Amino acid sequence: MRSNPVLFLLMFVAFSALAQVLNEPSNWPNTDWTVSGTYAASALINDPTTSASFSFDDDAAGPGSDDDIIAESPVIDLTDAFNAGELQVQFSGIYNHRNIGGSLTLDYFDADSGNWVTLFNFPNNGTGSDYSNCTNLQSFVAGLFIDSFTATQLSGFKYRFAYDDDDG
């Protein structure tokens, strides 16, 4: 029986507010980021705390492995950018995602509610093991308006990349 790996690769992720009071590239590797979740460590190909990209191979985790892995930014205070009139933050980068079930999302933290909110669902764009040689990379851009954010949401802002294999 042939297995179908779910693979993803995120590279060169940048985070910025328009007008550039705030410009926070992820600059992976970055030890200020955290990687967490329930996942097989052997399937984490590139850890963004020690590598220039974030790569995970669900197939390498083995059959029956329930993998949920998250790469989370440190807290970024958006107050100065907001006070300077910057009302949108923008995320951009390149990725490869072979989706055979589950999800890969870009989420931001709502510090008022204590919940993560999905900002972008990464569509399928991968085949085979093209993640390993960086072919078929696709760019993405996602914007978030912060004009209605409270002081708590501005000062407690963070974002993450979350992969959930849908328990399979």
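Student: What does the secondary structure of the protein chain come to?
Tutor: Two helices and ten strands, taken as DSSP runs numbered from the N terminus (helices H or I, at least four residues; strands E, at least two). This is a predicted model, where local features need pLDDT of at least 70, side-chain atom pairs count only at pLDDT 80 or more, and totals for chains, interfaces and linings use all residues. Residues are numbered from 1 along each chain as its sequence is written, and side-chain values use heavy atoms, without hydrogens and water.

Student: In which order do the elements run?
Tutor: From the N terminus on, β-β-β-β-β-α-β-β-β-β-α-β.

Student: How much of the chain is buried?
Tutor: Of the 168 residues, 45% are buried, meaning under 20% relative accessible area; exposed is over 50%, and partly exposed is in between (1.4 Å probe, protein chains only).

Student: Switching topic. Where does D164 lie?
Tutor: In strand β10.

Student: Which residues does D164 touch?
Tutor: D67, D68, G102 and S103, leaving out residues up to four places away in sequence. Contact means heavy atoms within 4.5 Å. D164 and G102 are 62 residues apart in sequence, yet 5.4 Å apart in space, C-alpha to C-alpha.

Student: And D164, buried or partly exposed?
Tutor: Partly exposed, with a relative accessible area of 30%.

Student: What about D166, where is that found?
Tutor: In the segment after β10 (159-164). D166 is exposed, because its relative accessible area is 55%.

Student: What share of contacts with a separation of 6 or more comes from residues 24 or more positions apart?
Tutor: 74% in the protein chain.
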